[in-house]
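I opened the model today to go through its charged pairs, its strands and one surface patch. My notes follow in the order I looked things up.

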Amino acid sequence: LVRKDFKDGTIRRFTNEPDDPNSISNNWVSDILKDKQGDLWIGTGNGLNHFNLITEKFTRYYNVPDKNIIYDAWSLCEESDSTIWVGRSSNGGLDLFNKKTGNFKNYKNNPADINTISNDMVSNIYRDGINDLWVGTFNNGGLNKLDIRTGKFTRYLSGLSIGKIYR
């Protein structure tokens with residue numbers, strides 16, 4: 001992660017330091033989200049990171065019981081209540097992260113239930129401003145619409161990999 005101060009031109013590079021728990025969790029940055037409070041959230045190849053702009057330290061978040069399991073935070077999207085949707089590309093599904101509690105709620109594919117996400121390899125997330133979250137998936141999983149009120153998914157474009165969603 002590289003930060004440039006446009007006022008004075010200084011550049012600072014942030015890298016993972018294995019012995020420093022306050023460093024970024026992984027050097028591969030997949031997404032950056034500036035939330036409503038002005039804080040930065042960074043999705044990486046292994047972990048969701050909160051970056052404190054004042055101390056320039058990171059706090060790491062994982063939704064895996066074993067820290068040796070990869071938690072890839074591929075795509076980020078803020079919800080109206082300031083929770084954060086985290087799309088995971090390595091069969092992790094879709095997570096809803098509560099910043100206040102530090103807890104995650106996970107949505108995964110259940111082959112026996114057509115109201116679940118079609119594929120657990122999430123590529124992109126888009127909030128439409130109504131009551132729906134659109135979720136693109138890799139591996140021919142297509143496009144999914146999550147009704148925020150009911151928690152049920154509707155599947156579209158099965159057989160396609162969706163790399164990006166935009167309006």
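This is a predicted model: local features need pLDDT of at least 70, side-chain atom pairs count only at pLDDT 80 or more; totals for chains, interfaces and linings use all residues.

Entry 1: I began with Arg 127, which counts as buried because its relative accessibility is 19%, and the cut-off for buried is under 20%. I then checked Asp 128, and at 15% relative accessibility Asp 128 counts as buried too. The side chains of Arg 127 and Asp 128 meet in a salt bridge, with N to O at 3.8 Å. I also found a network in which salt bridges that share partners join Arg 3, Arg 12 and Glu 56. I looked up the count of salt bridges, and it comes to eight.

**Entry 2: Lys 99 and its partners.** Which side chain meets Asp 35 in a salt bridge? I found Lys 99 there, at 2.9 Å from N to O. Asp 35 lies in the loop between strand E3 (29–34) and strand E4 (40–44), and Lys 99 in the loop between strand E9 (93–97) and strand E10 (104–107), so this pair ties together parts that are 64 residues apart in sequence. I looked up the accessibility of Asp 35 and noted that Asp 35 is buried, with a relative accessible area of 5%.

Lys 99 also forms a salt bridge with Glu 78, and here the closest N and O atoms are 3.6 Å apart. Glu 78 lies in strand E7 (residues 75–78) and Lys 99 in the loop between E9 and E10, so the pair ties together parts that are 21 residues apart in sequence. I recorded Glu 78 as buried, with a relative accessible area of 14%.

**Entry 3: E7 and E8.** I stayed with Glu 78 and looked along its strand. Ser 75 and Cys 77 point one way from E7, Leu 76 and Glu 78 point the other way, and all are buried. As a reminder to myself, side chains in a regular strand alternate between the two faces of the sheet. E7 runs antiparallel to strand E8 (residues 84–88), and four bridges join them. Opposite Glu 78 I found Ile 84 in E8. E7 and E8 form a hairpin with five residues between them, and I noted a positive phi of about 75° for Ser 82 in the turn.

**Entry 4: the sheet with E3.** I traced an open sheet of four strands in the order E3-E4-E5-E6, with antiparallel pairing. E3 and strand E6 (57–61) are the edge strands, each pairing on one side only. Neighbouring strands of this sheet are turned by 25° against each other on average, direction ignored. I counted five bridges between E3 and E4. Ile 32 stands opposite Ile 42 in E4.

**Entry 5: Ile 24.** Is Ile 24 buried or exposed? I found Ile 24 buried, with a relative accessible area of 1%. Ile 24 sits in the loop between strand E2 (11–13) and E3. Among the residues that Ile 24 touches are Phe 14, Val 29, Ile 42 and Phe 58. I also checked Asn 46, which is 22 residues from Ile 24 in sequence and 9.5 Å away in space, C-alpha to C-alpha.

**Entry 6: a surface patch.** Tyr 156, Leu 157 and Leu 160 make a nonpolar surface patch of about 270 Å². Leu 157 is in the segment after strand E14 (152–156).

Notes: Residues are numbered from 1 along each chain as its sequence is written. Side-chain values use heavy atoms; hydrogens and water are left out. Patches are made of residues with over 30% relative accessible area and no salt bridge: like charges are joined within 9 Å, nonpolar side chains (Val, Leu, Ile, Met, Phe, Trp, Tyr) within 5 Å. Accessible areas come from the Shrake-Rupley method with a 1.4 Å probe; for residues, only the protein chains shown count as cover. A salt bridge is a side-chain nitrogen of Lys or Arg within 4 Å of a carboxyl oxygen of Asp or Glu. Helices (H or I, at least four residues) and strands (E, at least two) are DSSP runs, numbered from the N terminus. Buried means under 20% relative accessible area, exposed over 50%, partly exposed in between (1.4 Å probe, protein chains only). Two strands pair if DSSP finds at least two bridges between them. Axes are lines fitted to C-alpha atoms, for helices over the stretch in contact, and angles run from 0 to 180 degrees between N-to-C directions. Contact means heavy atoms within 4.5 Å. Lists of a residue's contacts leave out its neighbours within four places in sequence.
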